[in-house]
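Could you walk me through how to read a model like this one?

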Amino acid sequence: MTQANDSAVKALVLMSGGLDSRLAACVLRAQGIAVTGVSFTSPFFEATKAREAAAVLGLPLLVEDFTDDILGLVEHPPHGFGSGMNPCIDCHAAMLRRAGLLMEREGYRFIATGEVLNQRPMSQTRHNLEVVAVESGYKDSIVRPLSARLLPETEPERRGWVDRSRLLALEGRSRKPQFALAAQYGLKDWPAAAGGCRLTEPNFAGRLRELKRNEGLRDLEAIRRLRMGRHFRIAPAVRLVVGRDEADDEALERAARPGVDIVLGPVDVPGPTALLPAATSEADLLCAAGICARYSHAGTEPVEIEVRAGGQTRRLRVERMAPEAVERLRIA
Ligand code: SF4
C-alpha cells in the first residue's frame with residue numbers, strides 16, 4: 001500500500017472498523033494522503049472494531065469520548081429516531097462536527113467517511129448525506145471517497161488535495177464492488193456491515209426508552225446496567241436488576257455502589273444477585289426480594305434473602321412472587 005511522506009496532505013477518516021471505512025482509508029492512502037482514523041465511544045458503542053481496523057491497516061487512530069453528545073441526542077433528537085433509540089442522522093452530523101473540530105485543531109486538510117450513496121435506505125440517501133454534511137458545519141470539507149464522483153465536488157477536490165479522478169463512483173446496496181476493492185487492497189477479514197450500536201437493538205432500546213421516561217438519562221451507571229440482567233420497574237424511581245447467570249451476578253456485584261445501591265441475594269439456595277436503589281421503601285424492598293426469590297432455585301418454601309445496604313446486612317424471609325406478577329413488572 002502507498003505510504004504517505006512527511007509533506008503529505010493529512011486527512012481524518014471516520015473509522016467504524018467495517019469494510020467501507022477501511023476501503024475509504026485505503027483509497028486515500030493510495031493517493032499518498034496521510035490518513036488518521038477517528039472513532040467514538042459512549043455507553044452505547046465502543047471503538048473495538050475501529051481499533052482492530054487501525055491495527056490491520058497500520059493507521060493512527062484517535063478515539064473520542066462521545067457520551068455527552070449522544071446522550072443529548074437521545075434526549076432530544078432533532079431528526080427523530082430510527083427503528084430503535086438511534087438518532088442516526090443527528091448522530092452522524094455530530095460525529096462529523098467533532099471530526100471537523102479535530103481537523104481544524106490538529107491541522108488535517110479534510111474529513112472522509114466510508115459512506116456509499118444509497119447503500120443504506122435511510123441514512124445514505126443523497127438527501128440524508130447532504131443533511132448530515134450541512135448540519136455538521138463542515139459540508140465542504142467532507143469527502144466520501146467511495147462515492148465521491150457521484151456527489152458534488154468539495155473543497156479538498158477543488159484545491160487538489162485529493163484527486164477526484166482517482167476517487168470512486170460506487171452506489172447502491174450490492175457489496176460486490178467493495179469485495180473486489182478489498183481483494184485489490186489485500187484486505188481479508190472485516191466485521192459484518194451492521195451492528196455494534198446498542199441503540200438499534202430492540203431490547204436495549206426498550207429498556208432505554210423506559211429509563212428515559214421514568215428516571216431520565218443522568219445516571220450513566222443506570223445506562224450501563226441496561227446491558228445486564230433482567231429489569232423490573234417496582235416503583236417510578238425504583239428499578240430492580242436481577243442477574244440471569246453467573247457473569248451477570250458478578251457484574252452486578254462489581255457495579256454495586258456503596259450507599260447508592262442495595263444488593264439482594266438468596267442465602268441458602270443458589271440464585272441471582274439483584275440490585276436496586278438505596279432509596280427504596282420497605283414495601284418495594286419486599287417486592288424486589290420476592291422477585292429475587294422467584295429466580296432462585298428454591299422449591300415452594302419461603303426463601304431467605306440477604307439484603308446488603310449502607311454497610312449493613314439483614315435477612316428477609318419472603319414467598320416467591322407468582323410468575324404472572326413478575327411479568328407485570330418486567331421491563332422489555
Ligand atoms: S447506529 Fe448508533 S452510532 Fe451509528 S449513527 Fe446511528 S446512533 Fe450513531
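Predicted model: local features only at pLDDT ≥ 70, side-chain atom pairs only at ≥ 80, totals over all residues.

Q: How many helices and strands does the protein have?
A: Helices (H or I, at least four residues) and strands (E, at least two) are DSSP runs, numbered from the N terminus. Here the protein has twelve helices and twelve strands. Its C-alpha atoms fill a box of roughly 75 × 35 × 35 Å, taken along the principal axes.

Q: Which domains does the assignment give?
A: Domain bounds come from an automatic or database domain assignment. In this case you get domain 1 (10-198) and domain 2 (219-331), with C-alpha centres 42 Å apart.

Q: What span should helix 4 have?
A: Take 1.5 Å times one less than the number of residues. Helix 4 (residues 88-106) has 19 residues and should therefore span 27 Å; its end C-alpha atoms are 26 Å apart, which agrees. Just after helix 4, Gly107 has a positive phi of about 80 degrees.

Q: Which residues of helix 4 are buried?
A: A residue is buried if 20 or more other C-beta atoms, placed from the backbone, lie within 10 Å of its own. In helix 4 the buried ones include Cys88, Cys91, His92, Met95 and Ala99. The buried residues of this helix pack against elements including strand 1 (10-14), strand 2 (34-41) and helix 5 (126-136).

Q: Which residues sit around the ligand?
A: The cut-off is a C-beta atom, placed from the backbone, within 6 Å of the molecule. That gives Phe45, Asn86, Pro87, Cys88, Cys91, His92, Cys197, Leu199 and Thr200. Ala, Val, Leu, Ile, Met, Phe, Trp, Tyr, Cys and Pro count as nonpolar, Asp, Glu, Lys and Arg as charged, and the others, Gly among them, as polar. By that count the shell has six nonpolar, three polar and no charged residues.

Q: What order do the strands of the open sheet follow?
A: Strands of a sheet pair through backbone hydrogen bonds, either parallel or antiparallel. Two strands pair if DSSP finds at least two bridges between them. Seven strands line up as 11-10-8-9-7-6-12, with antiparallel pairing. Strand 11 (312-318) and strand 12 (330-331) are the edges, each pairing on one side only. Seven bridges join strand 10 (residues 303-309) to strand 11, and Glu304 has Arg317 of strand 11 as its bridge partner.

Terms used. Residues numbered from 1 in each chain as written. Buried ≥ 20, exposed ≤ 12 C-beta atoms within 10 Å, placed from the backbone. Contact = placed C-beta atoms within 7 Å.
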